[in-house]
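Me: I have a new chain open and want a quick tour. Can we go through it piece by piece?

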Amino acid sequence: MSVDKATNLLATIEMPGQVRAKKNSRTAVTTGGKTYTRPNKGHDAWLRDALQHIAIWRMTARPMPFPEELSIQVSLYRRDRTHYDPDNMGASVLDALVDSGIIPRDGYPTVLWVLSHHAGIDAQNPRAVVRIYDGGVGPRDDVVEVTEVGDRVRTFREAVPAAVSEQDIADRSG
């Protein structure tokens, strides 16, 4: 597996379509007098598409097996401003990674941390961008970003809040 030494990044997978939460997208089904719930058709369709996209990614990227400890970041781009829970959407994305065989399980000791966050509004291309990092540290803290203006250098911890703030401004004005 090739690790980007600057960021600890192992892989980036983009899942097109608006993520459907398994937890909140449920339908009641009655069989033999017993009622239970299952994910609804909307979630099933999203999961089917996500698994197809991951299979294509796997064929083209040819990833090596991941190490035993991972950190995962899920950036969610929504089609509109409707209320949603990024944690529930992130859980659906992790389930797709497990169902596809990309990761063996979505909890400890394999996944040491998960960050699911709202990354922006994109009406034409709602999606989830999944970044898988080596080990439990996630993106390295000593990663720097040189801005286009001047020689100002920022660490990852400084750059992420700035990027989120810039996206929030763009979302509100757009």
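This is a predicted model: local features need pLDDT of at least 70, side-chain atom pairs count only at pLDDT 80 or more; totals for chains, interfaces and linings use all residues.

Me: Where does Q18 lie?

Reply: In the loop between strand 1 and strand 2 (26–31).

Me: Buried or exposed, that Q18?

Reply: Buried. Q18 has a relative accessible area of 14%, and the cut-off for buried is under 20%, so Q18 qualifies.

Me: What does Q18 touch, not counting residues up to four places away in sequence?

Reply: W46, R78, R79, D80 and P126.

Me: R78 is on that list. Which ring does its charged end sit over?

Reply: The ring of Y84. The charged end of R78 is 4.3 Å from the centre of that ring. R127 does likewise with Y77: its charged end sits over the ring, 3.9 Å from the centre.

Me: Zoom out. How many helices and strands?

Reply: Three helices and eight strands. Along the sequence the pattern reads β-β-β-α-β-α-β-β-β-β-α.

Me: What share of the chain is buried?

Reply: 34% of the 174 residues.

Me: And the contacts with a separation of 6 or more: what share comes from residues 24 or more positions apart?

Reply: 74% of them.

Me: Now helix 2. What is its span?

Reply: Helix 2 covers residues 86–99, which is 14 residues. From first C-alpha to last it reaches 20 Å, close to the 20 Å expected at 1.5 Å a residue.

Me: What caps the N-terminal end?

Reply: D85. One of its side-chain oxygens lies 2.9 Å from the backbone nitrogen of D87.

Me: What comes just after the helix?

Reply: G101, with a positive phi of about 85°.

Me: Which residues of helix 2 are buried?

Reply: N88, M89, G90, S92, V93, L94, A96 and L97.

Me: Why would residues a few places apart face one way in a helix?

Reply: An α-helix has 3.6 residues a turn, so residues three or four places apart point the same way.

Me: What do the buried ones pack against?

Reply: Strand 1 (9–16), helix 1 (41–61), strand 4 (70–78), strand 5 (111–121) and strand 6 (127–134).

Me: P86 is in helix 2 too. How accessible is P86?

Reply: Partly exposed. Its relative accessibility is 22%, and that class runs between 20% and 50%, so P86 falls inside it.

Me: What is P86 in contact with, leaving aside neighbours within four places in sequence?

Reply: L76, S116, H117 and H118.

Me: On to the core. How many residues are in the largest nonpolar one?

Reply: 28. Those with the most contacts inside it are M15, F66, I72, L97, I102 and I132. Strand 1, helix 1, strand 4, helix 2 and strand 6 each supply at least two residues of this core.

Me: Take M15. Which residues is it in contact with beyond four places in sequence?

Reply: W46, A50, H53, I54, V93, A96, L97, R127, A128 and V130. V93, A96 and L97 are among the buried residues of helix 2.

Me: Next, the loop between helix 2 and strand 5. Where is the cis peptide bond?

Reply: Between Y108 and P109, with omega about 15°. P109 lies in that loop.

Me: T110 is in that loop as well. Buried or exposed?

Reply: Buried, because its relative accessibility is 4% and the limit is under 20%. The side chain of T110 makes a polar contact of 2.5 Å with the side chain of R105. Not counting residues up to four places away in sequence, T110 touches E68, E69, L70, P104 and R105.

Me: Last one, T35. Where is it, and buried or exposed?

Reply: T35 is found in strand 3 (residues 34–39). With a relative accessible area of 55%, T35 is exposed. Its contacts, not counting residues up to four places away in sequence, are A28, V29 and T30.

Note on methods. Residues are numbered from 1 along each chain as its sequence is written. Side-chain values use heavy atoms; hydrogens and water are left out. Helices (H or I, at least four residues) and strands (E, at least two) are DSSP runs, numbered from the N terminus. The expected span of a helix is 1.5 Å times one less than its number of residues. Buried means under 20% relative accessible area, exposed over 50%, partly exposed in between (1.4 Å probe, protein chains only). Contact means heavy atoms within 4.5 Å. A polar contact is a pair of N or O atoms within 3.5 Å; within protein, one must be able to donate a hydrogen and the other to accept it, and residues adjacent in sequence count only if both atoms are side-chain atoms. A nonpolar core is a set of buried Ala, Val, Leu, Ile, Met, Phe, Trp, Tyr and Cys residues joined through side-chain atoms within 4.5 Å. A charge sits over a ring if NZ of Lys or CZ of Arg is within 6 Å of the ring centre and within 35 degrees of the ring normal.
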